[in-house]
Each structure stands twice: as C-alpha cells, then as structure tokens.
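Please read them with the structure open.

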Amino acid sequence: MERKDTMTIENLIKCYNLTPVEFQLAKYILQNKEEIKNLSIQILSEKTFVSKSAIHRFCKKIGLDGFNELKVRLIQDLLQESDSYNQIDVNFPFESTDTQKVIAQKLLKLYEASITDTYNFIDVEELNKIVVLLHHADIIDIYTHAHNQSIAINFQDKMRAIGRIVNCPESFYDKRCTATASKKNHVAMILSYSGKATFLPIIVETLYNKGIDIILVGRVGNNAISNYVKYHLYISDREHLRNRISQFSSHIAMQYMLDVLFSCIFKMDYKANMDYTQEVIGIVDDRNINEPN
C-alpha cells in the first residue's frame, strides 16, 4: 500500500469513512484545488457552509496537522499533475556523461524548481504572523546543524546589518544552554528539512515548557516535534533524506525562505533600516573602496 505521507489528497481521502458533511467538503476541495490554495479557513468555511472546527476535524481525520498542511499537500498534488514537475530529478540532477555546461544547466533548473516549489508552499497568512513575531522579538535563536548552519549564519549576518540580535548556537551543548536561558522576549527558529535531527527533541521540549514561540522551517509532514511547534514554513520536499548526491534542493529552498523572512522583516521598518545601514556601514565595513557615483 502507498505510504500515506506520499499519497495525493484524493487517495488519502479514500482511506477513511467520511460523514455526509465531510464528503461534501472533500468533494469541494478536490474540485477546487487551485482556488483553495489561496483561501483562508474562514473563507473556505463560508463557501462550503462548514464550520472552521469541522474543517480542522476533517484535516485531522485524514492524517494532516491542520488546514495549512492541507493547502500544502494540495499544492504538491497540483505540482505533480503538471508536466514541469518531473523535468528534473533533484536527488540525481546530473549524470557521469554530462558536460560541465550541461551540469550547470541542470542545476539551474533544479534551483528554479526548488524555489518555485517553496514559493508555492507559502501560506501568506502564516508568513505574516511569523514576520510580525520575528519583528517584535528582541532576540531570535536559530537551532540547526550541518549544512543549514551556514544558512543560519547568513541570516544572522543580514539581521545584524539592521541592528538585530540573532543567535546561532553550533554545538549541542551551546544549543541546550541557549534554550534553557531563553526568556519571553526570545523567539526560536528551527531549520530542519526532515524534522528528525537527533538534537531536536530535548531542545523543542525545553523551549515549549518555557513558553517560547517556535517556528519550524522544513518539509511538510508529521514528525516527532510537530506537537511542540506553533508556526510552520514549508519548503520544497522533493529531496530524499539519504538517496541523493547532495542537499542541492533543500539547501537552496532553505536559503530562499530565510531571505524571504529577512526581506519581509526589513520592509516592516524600511526607512529606519535603510538609515541604520547607512549609519553603521563605515564602522562595520572597513574596506578601502572607492566607487563611482
């Protein structure tokens, strides 16, 4: 039997006995995938005459975390139905016989596909809530490891340029110390494609028990830390966890998502941030550069 985390929404629905109300809701969802990906749960409730709580129960019944994951899975289905979805294998994007130019072209397609996937997965309402949360936080702590550490540090560097404090603890010890020292003015971000990193359970449980808001950036799907996480941002999920050449897709998708977050935060106080960057540029950048006006 097909694994439920890889099933289309249509096949997933077939696995369950639905009430008449749930059946009509499912029928509307399957007939209006393109429309629903841009709807709020309130608007869907009004269009289908089904309460928001009933929509949530329907999502839980078919094995999803909630309405946001339903929308993401619908987007996945639409991508799979399109011809462009299968143009590139993100796990093995090039072959031993490919020339350097062909490799460059294939990676270009991979990057385009991964960023397009991630863009399509963005829930604007959820993104707005997260941007406001990060904007108002005094301190942002990012928990990640391996190749995502460089992405976290890049985000930290961008945020420092507008006078914001971002911590990127590297060792497991540093992560535990940062989590236990977190206060109400902190917000935690977790960068994890799989959500299965071994350091995560104790970190998220510690943060959750301290009442720290947690944002998870990773692929869609149930994992061990979902119950502790309040906010989710999903990225392209075509990449296999192990059967691949490298983390090409997840890396560029994660980088894109954090660049979106930084840009949205910057925009919240655009003039003040521009003024700040001009004020401190002479201090933080000591290079002797003469550029033409």
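1. In strand 3, the bridge partner of Ile-139 is His-186. Please keep in mind throughout that this is a predicted model.

2. Strand 1 and strand 2 (residues 165-167) are parallel and share three bridges. Strand 1 also runs parallel to strand 3 (residues 186-191), with five bridges joining the two. Strand 1, helix 9 (residues 148-160) and strand 2 together form a β-α-β unit, and this unit is right-handed.

3. Is strand 1 buried or exposed? Five of the five residues in strand 1 (residues 139-143) are buried, so the strand is largely enclosed by the rest of the structure. Ile-139, Asp-141 and Tyr-143 point one way, Ile-140 and Ile-142 point the other way, and all of them are buried.

4. Helix 4 (residues 41-48) has Ile-41, Leu-44, Ser-45 and Thr-48 as buried residues. Viewed down the helix axis, the buried residues fall within an arc of 105°, so they line one face of helix 4. Against what do they pack? Their partners are helix 2 (20-31), helix 3 (33-36), helix 5 (52-61) and helix 6 (67-81). Phe-49 follows helix 4 and has a positive phi, near 60°.

5. Ser-40 sits in the loop between helix 3 and helix 4. With the cut-off for buried set at under 20% relative accessible area, Ser-40 counts as buried because its relative accessibility is 14%. Apart from neighbours within four places in sequence, Ser-40 is in contact with Phe-67 and Glu-125.

6. On the domains: the protein is divided into domain 1 (9-82) and domain 2 (121-284). Taken over C-alpha atoms, the centres of domain 1 and domain 2 are separated by 28 Å. How many residues are in contact between domain 1 and domain 2? On the domain 1 side there are 11 residues, in contact with 10 residues of domain 2.

7. The size of an interface is often given as the accessible area lost when the parts come together. Between domain 1 and domain 2, the buried area is about 930 Å². Carbon and sulfur atoms give 49% of that area.

Conventions: Residues numbered from 1 in each chain as written. Predicted model: local features only at pLDDT ≥ 70, side-chain atom pairs only at ≥ 80, totals over all residues. Heavy atoms only, no water. Buried < 20%, exposed > 50% of the residue type's maximum accessible area, 1.4 Å probe, protein only. Helix = DSSP H or I, 4+ residues; strand = E, 2+ residues; numbered from the N terminus. Pairing = 2+ DSSP bridges. Right-handed = clockwise from strand over helix to strand, strands pointing away. Arc of directions from axis to C-beta. Contact = heavy atoms within 4.5 Å. Domains from an automatic or database assignment. Buried area = accessible area lost by both parts, 1.4 Å probe.
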